Amino acid sequence: MLKMNRRNFIKVSGGTAAAVATAPSLLKAMETELGGKDFSPVTYGERQAIPITCHFCNIQDGAIAFVENGRVVKLEGNPEHVSTRGRLCAKGNAGMWYSYDPDRILYPLKRVGARGEGKWKRITWDEALAEIAQKLDAAIKEDPNTVMLKYGRNRTGGAIDRFMHTLGSATLVNHTSVCESSKKIGMEPTWGPDIETPNFANSKYILNFGSNIYEAAYFHNPYSQRIVEGTAENKAKLVTFDVRLSNTAGRSDEWIPVFPGTDGAVALAIGHVILRDDLQDSDFINTWTNVTVQELKAHYQSYTPEWAEKLSGVPAATIERIAREFATTKPATTYTYRGPAKHLYGSYNEKACMMLPIMTGNIETRGGYCMPRGMGWPQPEPQPPKPAKPSYLSHPDEYPLAGHKVSHLTPFWIAEGKQKINVYFTYQDNPVYTNPGAQAVWGKLFRDEKLIPFYVSMSPFMGEETALADIILPDCPYLERWEPESMPNSLWPWLGIRQPVIKPLGEARENRIILRDIIHKLDPDGSRGMKQYWNFKDGEDYLRHHFDNVPGLKEAGGLDFLKKHGVWPIYGKLDPATGKIVDKTGREIVPEYGLHKKEIPEAEMAGTTIEANGVIMKNGKAIGVQRNGKNHVGFPTGNRLINVRVDQWAEYGFNPMPTFKRIPWHETMKDDELVLTTYKINVHKQSRSAAVKWLAEIMHSNPVWMNTVTGEKMGVKTGDLVRVESAVGHLVTKAYVFEGIHPKVVAIPTAFGHWEYGRLATLKLKEKGGAFGAQDDPDLKNVWWDDKGVHPNAIIPVVADPIGGSQGWYDTVVKVTKAGPNDKYGDVKGDWDKHQEAFKETLRYAYTGDLHRKMHPEMSAWVGPESVKHKPAGGH
């Protein structure tokens, strides 16, 4: 029988007038064989297909852009990509609307009114670069660290760091503390990597703490594919602890509501049962960790299910059952994301959760909890030296373990004079919207020209932060720029690229070109020694320095191979019957497990010594561990072991062993108080998607979730206006009342309630289009909704985990009442002074150890003496 595809369908039916007449619409609807090809509904000719790596969000899915007549017309998954296997999420499919945003900025702009007044004039690139170079020259002569760059999603592959090092500045600050820094710092000293890559597809039991894997977690596209395979094909049980009925919780075998911030207590209690009942993997613990089974049993003895029930609300009997199921079902894995980590003591929570696969030996096994697999690339030579001295913002005294990751405290530190700023750059960052305090904190900072004398935004969009800039340099969206890429989003390492599928629109320039041009303006003849680090022709030339000498890739063709395929290596072919990658024999490809057990080559053992606990030392560095006469590489930690006991934490007054600490203000909550949490949804990211028309039409409002029992007590029904009030401000929004949330929790999704970011995001549809050079979009005349949602971040106090630095997004205590006569939907009010008080309060929980007291004796009255051996339920 003839295999039916689009072309065969046209051939078979081409003889009838009706078929010919309907062909264009049918061509739009029907897919090609398996993806990777697309055809014009007008000419029926094959469209140009250009492989890329998606950067709508930070998942970095392999994708293909289809171009017709110089315009991107469709995006879909790259079937050659081993991680995403031809799939692309809703956000990725809508990515072309970044390039074609009708309110996009297409030429440099200079502010001519007050900051935030919205008055701009068009200037040339030469004018913009000249003024920036003049300001930089003066700043560098005073102190290079007065030049600051803060970025959100930096996927430049090293260009941002090169720029700041060229200037001699260490004031390079990232966004990580509003994302997952406490997860990273909870994991890194324990086993080396700052993230895990569970083998979901082959697991039999998946214990999920606070991660919405199916729609919004890190790597949700590749991970959700593997979770579905694990549960549907491998019959794995999926158990989710979460404060709300997320899409993942709703598709789990069990959803167990948990009080915010107590995931760690539940995990410790599960560990207690495993160790009490002797269900642990003693051989793994004694062989690969820096503690013994007996030490663990003694440490976990007080973390009983009954203790955890009082804190979390999870019944002790449920904890007992889950513990036994997890320990006796092999293989098994856990997964976490923001649920445990985004709290005052998030790093403790993360450590407690990751202990479960460690104590059961489910590490680096098929179906278990595996280390990430990634690839790197060399940097262009020569490279600039690192800055001569640290900046306060990159090495804050209060957070020695988190360092530059604690970016959300920046406004207060600048206001206190701890770091002077003369020139401020921002790239792919919108703290005025995304950070705690939002406009009340960051908006106030940027409006203060004494604190931020000169502010440059590199952005294609007039976001809330860009609207406060002095000069705007139009950057390129991701479909118009070159970038190297690798992401550990499956168990097969890969390298990929972003490459321009269309030329930059208007006068836009990609980021690395902007940075190069600034340096060339500062050092036109090379006499300052800066220009030598930026001698490349364009973005493609820069990437050749990265990829043309990578072993294996070089032999395959280097950058030219990546331009053709988008990813390297090509591990196999996508099987249309299973949706999995198979080898030449038709068998599904299998990843490598047991990375820690790899043996050190004999030649590398020359000059080594064997130290305590079998650690293999060479030139003062641990390179592996000796076990049973074999020399293994071990784990990528300082001693090549899993550090259940993190001695570095003890140096700063923190418990080096797995522990739990309750949020202090949660202990004193009144009956009518609730905890406010926020969350992301599958069709939006934090701040840069409300102007994407396909996604905005799908979801454009964000009512506050409230439990039915809670709503009945307040007399609140779905659709009612409510006032949500915290210690730093209030907002007015609509309620959505149902059973799918913990009774002591209310939840509001982010990505809504913009006051900048263009006409669609703000619903200011009567304003004239094309203000900054872009072509208008007639679809804006078809917007049928009149609700843009309410943004909650202004009422969320600044909180920072003293270990990991993360913002305590899910710690905010609020009071919810019916809206009053003077309350209007969309009201949002935050207060700088109250936020500053909250910031000082959070410092009480940062200054914990003797070292801090010596550094800051003025803080000694805030906290009493503290032992490293914390009580299970205790505070400082």
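In the predicted model, 72% of the contacts in the protein between residues at least 6 apart in sequence join residues at least 24 apart. The secondary structure comes to 30 helices and 30 strands. The radius of gyration of the protein is 27 Å, close to the 29 Å given by the globule rule for 876 residues, so the protein is as compact as a globular protein of that length. Taken along the principal axes, the box filled by the C-alpha atoms is roughly 75 × 70 × 70 Å.

Of the 876 residues in the protein, 63% are buried. The accessible surface of the protein amounts to about 32,700 Å², and carbon and sulfur atoms account for 51% of this area.

Four strands form an open sheet in the order β20-β21-β22-β23, and their pairing is antiparallel. Strands of a sheet pair through backbone hydrogen bonds, in either a parallel or an antiparallel arrangement. For strand β22, which spans residues 621-627, the antiparallel pairing with β23 extends over three bridges. Within this part of the sheet, Q626 has N631 of β23 as its bridge partner.

How values were computed
Residues are numbered from 1 along each chain as its sequence is written. This is a predicted model: local features need pLDDT of at least 70, side-chain atom pairs count only at pLDDT 80 or more; totals for chains, interfaces and linings use all residues. Side-chain values use heavy atoms; hydrogens and water are left out. Two strands pair if DSSP finds at least two bridges between them. Helices (H or I, at least four residues) and strands (E, at least two) are DSSP runs, numbered from the N terminus. The radius of gyration is taken over C-alpha atoms; the globule rule is 2.2 Å times the number of residues to the power 0.38. Buried means under 20% relative accessible area, exposed over 50%, partly exposed in between (1.4 Å probe, protein chains only). Contact means heavy atoms within 4.5 Å. Accessible areas come from the Shrake-Rupley method with a 1.4 Å probe; for residues, only the protein chains shown count as cover.
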